[in-house]
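User: I have a new model open and would like to go through it with you. Could you start with what you mean by a contact, and then take me through the fold?

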Amino acid sequence: MKKNVIKEYFFIFLGTFCMAAATNIFFESNNLVTGGITGLSIVIQFLGAKFFNFPVPLWLTTIVLNIPLLILGMRINGFKFILRTIISIIFLSTMLALTKNFKVDELDLTISAIYGGFLTGIGIGLVFRNNSTTGGTDLAANIIKSKYKQFSVALIMFSIDACIIATGFVTFGAANAMYAIIAEFITSRVLDMMLEGFLFSKSVFIISERTDEIADKILNQMNRGVTSLIGRGMYTKKEKDILFCVMNNKEVFNLKIMMKEIDPNAFIIVTDAHEVLGSGFRELEV
């Protein structure tokens with residue numbers, strides 16, 4: 001148990017480092033406001049420098065803006081629920097301070113949006129996969145959800161991030177805002193892969209009059225497990241077997257060749273399976 005906790009906090013630390021590095025290297029230096037507390041911090045830093053000659057450090061704004069959210073979160077969900085979030089915020093703020101001088105010269109907006117979004121997605125994914133959050137919009141969304149239950153957390157988060165990106169539009173102009181949206185999209189795609197799995201497989205459903213022969217070929221020639229489900233055609237009112245199996249892309253290609261020989265009139269459905277765990281695939285892990 002202790003080893004698992006240490007491992008989880010290590011990956012939370014690594015995730016916050018990725019987020020901080022992406023913010024300082026790609027976003028802050030190019031005025032890309034991608035949403036979240038860090039995005040709002042970039043706007044506050046710029047306005048502080050412009051009007052008060054004091055560029056408020058990103059790490060300081062991150063802590064200050066999260067404090068009221070943490071207090072409200074503790075009142076609603078309790079201290080135990082919010083503990084890991086507090087630690088993640090401390091990690092993130094520390095990493096923002098330590099990486100503030102991480103700069104790469106001559107990065108254009110396209111490269112910054114792509115690589116910044118990719119690195120941020122990895123960072124958030126590492127934090128989420130280890131049962132924590134970095135506060136900010138997701139914590140604010142849960143607080144708002146507790147009062148306005150008719151709205152989903154995803155919708156609330158989207159609305160908050162949209163408002164923050166809009167402040168970036170007003171502050172830095174339309175071009176920067178559009179690149180920030182690209183970065184946000186890449187972050188969401190990478191985050192989905194982090195949470196759902198990098199190894200994509202295919203789920204295959206087969207409806208045929210020759211299911212026994214097809215199943216035998218899948219089992220003995222392709223060395224894949226196959227399950228028979230009982231279905232009923234609503235037009236014919238007849239019951240029939242539906243074969244279900246999971247395989248990789250190359251095996252799907254081989255399956256199509258085999259099906260053309262056995263039953264070219266078979267009905268086949270192939271869908272993406274984002275994460276397949278168990279026998280013949282990756283071991284079960286969280």
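Analyst: Contact here means heavy atoms within 4.5 Å. Please keep in mind that this is a predicted model. With that cut-off, Ser-203 touches Phe-244, Cys-245, Val-246, Ile-269, Val-270, Thr-271 and Ala-273, once residues up to four places away in sequence are set aside.

User: Where does Ser-203 sit, and is it buried or exposed?

Analyst: Ser-203 belongs to strand β1, which covers residues 201-207, and with a relative accessible area of 11% Ser-203 counts as buried, because the cut-off for that class is under 20%.

User: OK, zooming out, how many helices and strands are there?

Analyst: The protein chain has 10 helices and four strands, and along the sequence they come in the pattern α-α-α-α-α-α-α-α-β-α-β-β-α-β.

User: And what about the radius of gyration against a compact globule?

Analyst: The radius of gyration of the protein chain is 25 Å, whereas a compact globule of 286 residues would have a value near 19 Å. Taken along the principal axes, the box filled by the C-alpha atoms is roughly 75 × 45 × 40 Å.

User: How much of the chain is buried, and what share of the contacts joins residues at least 24 apart?

Analyst: Of the 286 residues, 40% count as buried.

User: Let's move to helix packing. How do α1 and α4 cross?

Analyst: Helix α1 (residues 2-27) and helix α4 (residues 79-98) cross at roughly 40°, and their axes come within 8 Å. The two helices are therefore oblique to each other, and the crossing of α1 and α4 is right-handed.

User: Which residues meet there?

Analyst: On the α1 side they include Tyr-9, Ile-12, Phe-13, Phe-17 and Met-19, and on the α4 side they include Ile-87, Phe-91, Leu-92, Met-95 and Leu-96. By class, the contact of α1 with α4 has 11 nonpolar, four polar and two charged residues. Glu-8 in α1 and Arg-84 in α4 are also among the residues that meet.

User: What angle do α2 and α3 make?

Analyst: Helix α2 (residues 36-52) packs against helix α3 (residues 58-77) at an angle of about 120°, with the axes 9 Å apart. That angle makes α2 oblique to α3, and the crossing of α2 and α3 is right-handed.

User: And which side chains are involved, by class?

Analyst: Ile-37, Thr-38, Leu-40, Ser-41, Ile-42, Ile-44 and Gln-45 in α2 meet Leu-58, Thr-61, Thr-62, Leu-65 and Asn-66 in α3. The contact of α2 with α3 has six nonpolar, six polar and no charged residues.

User: New topic, the loop between α1 and α2. What is Leu-32 in contact with?

Analyst: Leu-32, which lies in that loop, is buried with a relative accessible area of 0%. Leaving aside neighbours within four places in sequence, Leu-32 is in contact with Phe-26, Phe-27, Ile-42, Leu-109, Ser-112, Ala-113, Asn-176, Tyr-179 and Ala-180.

User: How far apart are Leu-32 and Ser-112?

Analyst: Leu-32 and Ser-112 are 80 residues apart in sequence, and from C-alpha to C-alpha they are 8.5 Å apart in space.

User: What about Arg-129 and Arg-224?

Analyst: Arg-129 and Arg-224 are 95 residues apart along the chain, and their C-alpha atoms are separated by 30 Å. Arg-129 lies in helix α5, residues 109-129, and at 25% relative accessibility Arg-129 counts as partly exposed.

User: Last one, the backbone: what are the phi values of Asn-223 and Lys-237?

Analyst: Asn-223 has a positive phi of about 55° although it is not a glycine, and Lys-237, also a residue other than glycine, has a positive phi near 65°.

User: Where are they, and are they buried or exposed?

Analyst: Asn-223 is in the loop between α9 (211-220) and β2 (227-232), and with a relative accessible area of 63% Asn-223 is exposed.

Technical notes
Residues numbered from 1 in each chain as written. Predicted model: local features only at pLDDT ≥ 70, side-chain atom pairs only at ≥ 80, totals over all residues. Heavy atoms only, no water. Axes fitted to C-alpha atoms, helices over the stretch in contact; angles between N-to-C directions. Parallel < 35°, antiparallel > 145°, perpendicular 65-115°, else oblique. Left-handed = near helix turned anticlockwise from the far one by under 90°. Nonpolar A, V, L, I, M, F, W, Y, C, P; charged D, E, K, R; others polar. Rg over C-alpha atoms; globule rule 2.2 N^0.38 Å. Buried < 20%, exposed > 50% of the residue type's maximum accessible area, 1.4 Å probe, protein only.
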